[in-house]
Amino acid sequence: MLSAPTMSQYAALEALKNGKEAMQEMVREYHLRRNLFVDGLNRIGLPCHTPEGAFYAFPSVKETGLTDFEFAERLITEAGVAVVPGNVFGNSGIGHVRCSYAVSRQELTEAIRRMDEFIRSLP
Amino acid sequence: MLSVKTDNACHSRSNQKIRDFISDRAKAIPPSGIRRFFDLAGQMEDVISLGVGEPDYSTPWHICDAAISSIEQGHTAYTSNTGMEPLRKELADFIRNQYQIEYDPISEMIITTGVSEGLDIVIRAVTNPGDEVLVIDPSYVSYAPCVTMAGGVPIPVPCTEKTRFRLSSDVLMEHITPKSKVLILNFPNNPTGGVMRREDLEAIADIAIDHNLLILSDEVYAELTYEGRHTATASIDGLWDRTVTLSGFSKAFAMTG
């Protein structure tokens with residue numbers, strides 16, 4: 001690689017000089033979304049450790065009786081919520097799913113409602 | 001990416017010939033299961049996607065504008081291999097202020113096209129055939145394949161719920177062998193959201209020093225830390241000179257593309 005794209009470097013320079021405020025605003029919003037989403041997961045029976053960084057929640061789906069792969073596949077086809085099965089991130093991810101909460105609070109609330117309905121539909 | 005066309009009857013249009021050239025190392029890498037879910041989500045209507053690790057915000061306009069005006073001003077040629085000097089200087093200031101680590105912008109920093117490129121070139125630069133690279137597990141899907149492509153052996157080191165998704169020094173010790181050379185850290189972590197506190201990193205530091213490990217620390221989510229402040233691996237006593245810090249703009253500034 002000779003050099004990173006020049007226009008991206010100019011964009012990055014501008015981000016460092018004048019982008020901090022917008023960044024802090026986004027971080028505050030992610031924090032609120034995290035609380036909303038993780039509370040919701042725990043309430044509907046998907047135990048989730050409170051993530052202290054990034055924008056992912058990694059709840060356990062073991063109590064549903066499904067593997068993480070089955071859970072993710074059925075959740076998207078039956079309830080219209082896409083998450084990623086934990087096993088793609090390594091063997092220690094088995095039994096969990098990764099959910100990104102970098103979406104609006106409205107969508108997160110709706111996602112929790114759909115996931116709740118899906119879990120209740122399981123035997 | 002190669003596309004697979006199984007029903008292609010026309011031999012001159014088959015990509016089988018190119019596939020025959022794929023190296024043994026590349027063949028050894030299992031396909032990522034993550035793609036299948038993105039494809040499924042893309043085909044369906046009314047899906048809420050919590051699948052992709054990308055901010056939903058648009059890049060702030062003044063940042064886009066800086067890119068546009070750089071083109072308008074004709075800045076479309078290569079920069080220095082290590083990136084524009086004003087950017088490296090600004091970045092050195094930012095890192096010093098945010099994480100209390102000191103890097104010389106002239107000789108100790110390089111601008112790459114994202115963390116993935118940075119990670120790949122560092123791994124290739126330090127890995128000899130058979131070297132063991134300790135990779136936290138679960139982790140971002142491309143660490144282990146990068147190691148394999150470089151001829152190294154990825155060794156997964158579990159960071160589970162039991163340790164709040166942190167790397168415990170006891171678990172790390174269980175995976176150290178005389179072939180261990182590199183440790184890849186990623187905190188705040190993708191996919192778990194786990195973070196390492198100062199005391200957790202200090203425990204790891206002792207092991208890294210005792211066993212002469214190089215640490216590659218992917219801290220691309222550093223700004224997205226919700227309880228207290230992020231602790232940079234290189235800010236721990238004894239780790240600065242055995243740590244390569246990797247970070248990027250995409251997550252914190254909403255500029256993945």
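Pro191(B) is placed in the loop that joins E4 and H9 of chain B, in a predicted model for which local features need pLDDT of at least 70, side-chain atom pairs count only at pLDDT 80 or more, and totals for chains, interfaces and linings use all residues. Residues are numbered from 1 along each chain as its sequence is written, and chains are lettered from A and ligands numbered from 1 in the order in which they are written. Helices (H or I, at least four residues) and strands (E, at least two) are DSSP runs numbered from the N terminus.

The peptide bond that leads from Asn190(B) into Pro191(B) is cis, its omega being near 20 degrees. Pro188(B) also belongs to the loop between strand E4 (180–185) and helix H9 (198–210) of chain B. The bond from Phe187(B) to Pro188(B) is likewise cis, with omega near -5 degrees.

Positive phi values occur at residues other than glycine in chain B, including Gln100(B) and Phe165(B). For Gln100(B), phi is near 55 degrees; this residue sits in the loop between helix H5 (85–99) and helix H6 (114–126) of chain B. Gln100(B) counts as exposed because it has 12 C-beta neighbours inside 10 Å. For Phe165(B), phi is near 65 degrees, and the residue is found in the loop between strand E3 (153–158) and helix H8 (169–175) of chain B. Phe165(B) counts as buried, because 26 C-beta neighbours lie inside 10 Å. A residue is buried if 20 or more other C-beta atoms lie within 10 Å of its own, exposed if 12 or fewer, and partly exposed in between, with C-beta atoms placed from the backbone.
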